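This briefing is intended for a reader who has the sequence and the coordinates at hand. Please consult the structure shown here alongside the points below.

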Amino acid sequence: MKKEKDKKKEPDSSAVYEINKELLDFIKQSPCSFQAAEALRNGLLGRGFQELSEGERWSLSAGDYFVMRNHSAIIAFTIPEGGINAKDGARIAASHADSPSFKIKENPEISVEGQYVTLNVERYGGMICAPWFDRPLSAAGRVFVKDKRMKNGVREVLVNLDRDMLLIPNVAIHMNRKVNEGYSYNAQVDMLPLYALGKADGGFMKLIAKAAGVKPEQILGHDLFLYNRTEGMIWGPEDEFVSAPRLDDLQCAFSTMRGFLSGERKKHLSLCCVFDNEEVGSETRQGAGSTFLYDTLQRVTAGLGLDYEDYLVMLGNSFMVSADNAHAVHPNHKEFTDPTNRPYIGGGIVIKYNAQQRYCTDGYSAAFFKEICDKAGVKYQSFVNRSDILGGSTLGNISNTKVAVSSADIGLPQLAMHSPYETAGTKDTAALVKAMTVFYE
């Protein structure tokens, strides 16, 4: 098997580079999940997809559609010509658009001795804290403003300050001599970003209001996050690495959607889902643990005249790829990886297994996905946690509690997962795009 995989054709280097430039452009447009969903929305509209609203009735026929929830999760789907045959099943991909960060609290400004202004933030997800220090940061998200023209008197506005605006300064080593011996960061003390000199005067929310094109008093609510401003890069002697903020999981969100759009989507009901809130457990109305996928499938099948038993038959013949990045062997800490399942950057798509069912891959779904990779001519490798290390979880089994279909958990190998700047492989991005293109064909 190893020799067969080694013979697979390597993707063209210029094509690999261009795909990863597209990835970095998508990441730059996506400082948090709201902007990521909006970037995907704009791409789908540009390809002629019709936008549907959950708050209105749907009239469906063969064609391309998408629906959003909370402006942070999106499901694109294609109904093939001739409609849906339940026995053909559906082809589904799922990823997520959120990443560990710091959420800006209400009334965020903190005055420090009348000389500095910091912002009050709380952790979102399980991040590595140390790399957040001494980096250029900004803020993005959304605000809700008064607008009498709207049905509920409230209008949503996406905002991105899009400039170097904040920084979390380290304490000098002269004042904390033991920092390199291991330090426990206190989120309420150590991780507050420096915003301005002077006294707290509401200036930060004034900047947000200006970015939204409204007056500060019009803002009734907000969901705002810090993000790392350091831009992504392609690097290495053969451009083999890609480093950027939020590779987990925008690399998979980008690759699965690109494969979805590249695939023919002529036989099966084809769906590409990008959920929110995976980093905090997915149990939200826009997460993989919500009814979003279930509701969408129900409306599509009912709208095309299928009954509930047809829906269940379709699920019984469906397959889902749950795509969330995976841990590569670390060059300086090889001991953290399982002795016989050792994924490397550049080694291809990672198929993830776990006896405790943190990943949904089983023997059948692994075989199914390996066949997809073989048909696409791309490499694959395996990830299993060391038996004495408790790993993370992802979307597959969470989604299966609402929509039970045969599923495989896969991802792309990366280093420094949950750092504000992560590293992966350029060839692996291209491999997943190619595999997902075949999946939807």
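The model is predicted: local features require pLDDT of at least 70 and side-chain atom pairs pLDDT 80 or more, whereas totals for chains, interfaces and linings use all residues. Residues are numbered from 1 along each chain as its sequence is written, and side-chain values use heavy atoms, with hydrogens and water left out. Helices (H or I, at least four residues) and strands (E, at least two) are DSSP runs numbered from the N terminus. Two strands are said to pair if DSSP finds at least two bridges between them.

**The nine-stranded sheet**

- Nine strands form an open sheet of mixed pairing, in the order β1-β2-β3-β13-β4-β14-β18-β16-β17.
- Its edge strands are β1 (50-52) and β17 (380-384), each of which pairs on one side only.
- Neighbouring strands of this sheet are turned by 25° against each other on average, direction ignored; axes are lines fitted to C-alpha atoms, for helices over the stretch in contact, and angles run from 0 to 180 degrees between N-to-C directions.
- Strand β13 (residues 269-275) has seven of its seven residues buried, so it is largely enclosed by the rest of the structure; buried means under 20% relative accessible area, exposed over 50% and partly exposed in between (1.4 Å probe, protein chains only).
- Leu269, Leu271, Cys273 and Phe275 point one way from β13, while Ser270, Cys272 and Val274 point the other way.
- β13 pairs with strand β3 (residues 73-79) in the antiparallel sense over five bridges, and Ile75 stands opposite Cys273.
- β13 also pairs with strand β4 (residues 90-96), here in the parallel sense over seven bridges, and His96 stands opposite Phe275.
- Strands β14 (residues 319-323) and β18 (residues 406-411) run parallel and are joined by five bridges, with Phe319 opposite Ser406.

- Strands β19 (residues 413-415) and β20 (residues 422-425) pair in the antiparallel sense over two bridges, and Ala424 of β20 is the bridge partner of Gln414.

- α5 lies across β3, β4, β13, β14 and β18, running at about 155° to β4.
- Helix α2 (residues 13-28) packs against helix α5 (residues 247-262) at an angle of about 120°, with the axes 10 Å apart.
- The two helices are therefore oblique to each other; angles under 35 degrees count as roughly parallel, over 145 as roughly antiparallel, 65 to 115 as roughly perpendicular and the rest as oblique.
- Ile19, Glu22, Leu23, Phe26 and Ile27 of α2 make the contact with Leu247, Leu250, Gln251, Phe254 and Arg258 of α5, where contact means heavy atoms within 4.5 Å.

**Two individual residues**

- Thr437, in helix α10 (residues 426-439), is buried at a relative accessible area of 14%.
- Leaving aside neighbours within four places in sequence, Thr437 is in contact with Gly259, Ser262 and Gly263.
- Lys334, in the loop between β15 and β16 (349-353), is partly exposed at 48% relative accessibility.
- With neighbours within four places in sequence left aside, Lys334 is in contact with Val329 and Arg342.
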